[in-house]
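I opened my notebook to go through this model one site at a time. Here is what I looked up, in the order I looked.

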Amino acid sequence: MSKKTILSGITPSGRLHYGNYFGAMKQHLDFIEKGDAFYFIANYHALTSLRDADKLREYTIDVAIDYLALGLDPEKCTFFAQSDVPQVNELAWMLGTLCPVSLMEKGVAYKDKVAQGLAPNIGLFTYPVLQAADILIYHSDVVPVGADQKQNLEFSRDLAQKFNNTFNGDHLRIPEPFIVEDVAVVPGIDGRKMSKSYNNHIFIFDRGKDLKKKVMSIVTDATPLEDPKDPSKCNVFALIKLFAEKSKTEEIAQKYREGGFGYGHAKKELLELVTDYFAEACEKRAYFEARKDTVLDILKAGGEKARLRAEQVMEPVRQATGIIRTH
Ligand code: ADP
Ligand code: TRP
């Protein structure tokens, strides 16, 4: 049996934080061994919220460096920038011509973003159509994503089906979502979902004073130091759980319950855990940071592989729709 094609993307709309790591990147890295993985940096998607060329370039390279630092092996998967595969926009247009406006009007991500103050432009509105093209252009079988992407994946399946029905054939493969349900929403410093939009995030590669300041400002309740505490109600503990081994987590939980263990102690534990957890990645990050040309070469090689695959899927799609090309 041939290997399943696994695909996922991450938007370079800022530096990456713990929510992005535990909610998305960690799953991507774990999945590499399970099939033929395609991972890309969704820089066209980032344009829906970011209009600063220098920043977009910087974040795109930064996301690539973060992935490589965190252990993505470019020999074991296809790692590339969305913008290196122009066929994606071609397919997105075709899917858009079949997509009812009413389908996009159901988009919760669109409504959320507009509620947060983003301009309600067409790019934001049709974001899921481009995402569907990202997925369908490689005949992806499995798409590992966080729970917040569930609806976008349903849209992708709907659009693939609609395309196949309209043009009478199995031109596009219907992808299976792989929703990582057991990953809790990572809380931010203020206890709400960690997100750039709430400015309550801790970046994966925050270190030193920045990291300490953020960890120390995590919101806790006012239970006095000597009193027993319920770890399940504590934002610091929610983060500790993500970074610590099971036995260490249990040991810290016990300290909470016994009393005499203050939130300051818990924050110190968290600082140590985070520093250890990302120690190797930090070194690797410094290595790639100093070798940006190598990073670009990796994306270039990945882009070539991705384009080849995309073209193989796109050619029969053009035939099916009657789009001619004279070159
Ligand atoms: P932000 O909210 O900071 O803008 P994004 O929406 O760009 O983050 O997140 C990219 C991916 O990272 C999401 O699809 C989701 O899977 C994951 N993610 C982001 N924040 C969290 C969080 N707090 N908890 C779990 N997963 C998250
Ligand atoms: N929308 C995804 C996010 O915000 C990023 C993304 C773009 C993506 N295209 C994709 C994810 C295709 C999976 C598959 O996290």
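**Entry 1: what I am looking at**

A reminder to myself before I start: this is a predicted model.

**Entry 2: ligand 2**

I began with the surroundings of ligand 2. I found 14 residues around it, and the closest are H45, Y127, Q131, D134 and Q149.

Next I looked up the polar contacts of three of these residues. D134 has a polar side-chain atom 2.8 Å from a nitrogen atom of ligand 2. For Q131, a polar side-chain atom sits 3.0 Å from a nitrogen atom of the ligand. The side chain of Q149 also places an N or O atom 3.0 Å from a nitrogen atom of ligand 2.

On its own, ligand 2 has 370 Å² of accessible area, and the protein covers 87% of that. I noted that β1 (5–10), α8 and β4 (142–145) are the elements giving two or more residues to the shell. Helix α8 gives the most, with four residues. By class, I wrote down seven nonpolar, six polar and one charged residue for the shell around ligand 2.

**Entry 3: ligand 1**

A backbone N or O atom of K196 is 2.7 Å from an oxygen atom of ligand 1. A polar backbone atom of V186 lies 2.9 Å from a nitrogen atom of the ligand. I also noted a side-chain contact: an N or O atom in the side chain of N20 is 3.1 Å from an oxygen atom of ligand 1.

Taken alone, ligand 1 exposes 540 Å², of which the protein buries 84%.

I turned to the second largest pocket, which holds about 340 Å³ of space. I counted 18 lining residues, and A92, G96, I122, T126 and V129 lie nearest the pocket's centre.

Where does the lining come from? I noted α2 (43–46), α4 (87–98), α5 (101–105), α7 (122–125) and α8 (127–136), each of which supplies at least two residues. The largest share, four residues, comes from α4.

How many of the lining residues are charged? I found no charged residues there, with twelve nonpolar and six polar ones making up the lining.

**Entry 4: D206**

I looked up D206 in the loop between β5 and α10. Is D206 buried or exposed? D206 counts as buried because its relative accessibility is 4%, and the cut-off for buried is under 20%.

I then followed its side chain. The side chains of D206 and K214 are joined by a polar contact of 2.6 Å. The D206 side chain also reaches the backbone nitrogen of F203, at 3.0 Å.

**Entry 5: two residues with positive phi**

I picked out H139, which is not a glycine and yet has a positive phi of about 55 degrees. I placed H139 in the loop between α8 and β4.

N168 is another non-glycine residue with a positive phi, of about 45 degrees. I found N168 in the loop between α9 (150–166) and β5 (176–179). N168 is exposed, because its relative accessible area is 68% and exposed means over 50%.

I looked up C234 next, in the loop between α10 (208–216) and α11 (235–243). With a relative accessibility of 6%, C234 counts as buried. I also took the distance between the C-alpha atoms of C234 and D297: they are 63 residues apart along the chain and separated by 44 Å.

My last stop was K111, in helix α6 (residues 108–115). K111 has a relative accessible area of 45%, so I put it down as partly exposed. Between the C-alpha atoms of K111 and L124 I noted 9.7 Å, for residues 13 apart along the chain.

Key. Residues are numbered from 1 along each chain as its sequence is written. Chains are lettered from A and ligands numbered from 1 in the order in which they are written. This is a predicted model: local features need pLDDT of at least 70, side-chain atom pairs count only at pLDDT 80 or more; totals for chains, interfaces and linings use all residues. Side-chain values use heavy atoms; hydrogens and water are left out. On a 1 Å grid over the protein atoms alone, a cavity is a set of points where a 1.4 Å probe fits but cannot get out, and a pocket is an open set with protein on both sides within 12 Å along at least five of seven lines; lining residues have an atom within 4 Å of a point. Grid points are joined across faces, edges and corners, and a volume is the space filled by probe spheres set on the points. Ala, Val, Leu, Ile, Met, Phe, Trp, Tyr, Cys and Pro count as nonpolar, Asp, Glu, Lys and Arg as charged, and the others, Gly among them, as polar. A residue is near a molecule or strand if one of its heavy atoms lies within 4 Å of it. A polar contact is a pair of N or O atoms within 3.5 Å; within protein, one must be able to donate a hydrogen and the other to accept it, and residues adjacent in sequence count only if both atoms are side-chain atoms. Accessible areas come from the Shrake-Rupley method with a 1.4 Å probe; for residues, only the protein chains shown count as cover. Buried means under 20% relative accessible area, exposed over 50%, partly exposed in between (1.4 Å probe, protein chains only).
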